[in-house]
Amino acid sequence: MMVNYMSMWAGITEMDEGQTYQVEAVINEVDYSFTIQTTHIPIVNWPIDWTVTEPTTISWTLASNAEYQDLYATATDYTIWDENYADLNNSDRSFTIPANWVDPLLPNFSLTLMEMNFAFDDDLIINCMSFDESFYGGWGRESKHNIIEISKDMYKKIFNQK
């Protein structure tokens, strides 16, 4: 099923890690064909407690490299959102989060490591993404930052869209 989200069509389906899939779509009577390899899910050694005011090194394992790899940090009180991200080399397996990378005065924090692959056919793009995340502060596990918004921001950043 596809949904329109802020002038961007999106659909989500679960696929097996590291597999190559042929994707076919017909949109407005135009045929599109893609071959894309799904990403592997990273296994991250998240800190038990993240002290936002101190540099923190994280590490992870990954069965094979994705095309793109990013780390996101979020701080929020549900009214104010402060975010930061790092574009990582696709072969990186560790990163030191700088002190005060997000606002330490906000009570809820999250870290997300994302793995992404893309495929194109004319003016259509598809994305395979996997991620691991961890929450800190008063943020309950049921609360998650909007992954669709992160994906849209990534698209804009990677393809220099405004």
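Start by selecting β7: eight of its nine residues are buried, so this strand is largely enclosed by the rest of the structure. Buried means under 20% relative accessible area, exposed means over 50%, and partly exposed lies in between (1.4 Å probe, protein chains only). Strands here are DSSP runs of E with at least two residues; helices are runs of H or I with at least four; both are numbered from the N terminus.

Before moving on, note that this is a predicted model: local features need pLDDT of at least 70, side-chain atom pairs count only at pLDDT 80 or more, and totals for chains, interfaces and linings use all residues. Residues are numbered from 1 along each chain as its sequence is written, and side-chain values use heavy atoms, with hydrogens and water left out.

**Stop 1**

Keep β7 (68-76) selected. Two strands count as paired if DSSP finds at least two bridges between them. Pick Y68 and look across: M116 of β10 stands opposite.

Select T76; its bridge partner in β8 is W81.

**Stop 2: the turn at Y78**

Follow the chain from β7 into β8. Four residues lie between the strands of this hairpin, and Y78 takes a positive phi near 80 degrees there. Y78 is not a glycine. Is Y78 buried, partly exposed or exposed? Y78 counts as partly exposed, at 46% relative accessibility.

**Stop 3**

**Stop 4: the three-stranded sheet**

Select β5, β6 and β9. They form an open sheet in the order β5-β6-β9, with antiparallel pairing. Which strands stand at the edges? β5 (43-44) and β9 do; each has a single partner strand, so one side of each is left without a neighbour in the sheet.

Zoom in on β5 and β6 (residues 56-61), which pair over two bridges in the antiparallel sense. Click V44, then W60: W60 is the bridge partner of V44 in β6.

**Stop 5: E133 in β11**

Go to β11 (residues 124-137) and pick E133. This residue is buried, with a relative accessible area of 12%. What does the side chain of E133 touch? It makes a polar contact with the side chain of T112, at 3.5 Å. A polar contact is a pair of N or O atoms within 3.5 Å; within protein, one must be able to donate a hydrogen and the other to accept it, and residues adjacent in sequence count only if both atoms are side-chain atoms.

**Last stop: the whole chain**

Zoom out. The chain has eleven strands and one helix. From the N terminus, the order is β-β-β-β-β-β-β-β-β-β-β-α. Of its 162 residues, 37% are buried.

Consider the contacts (heavy atoms within 4.5 Å). Among those with a separation of 6 or more, 59% join residues 24 or more positions apart.

Finally, show the surface. The accessible surface comes to about 9700 Å², and 49% of it belongs to carbon and sulfur atoms. Accessible areas come from the Shrake-Rupley method with a 1.4 Å probe; for residues, only the protein chains shown count as cover.
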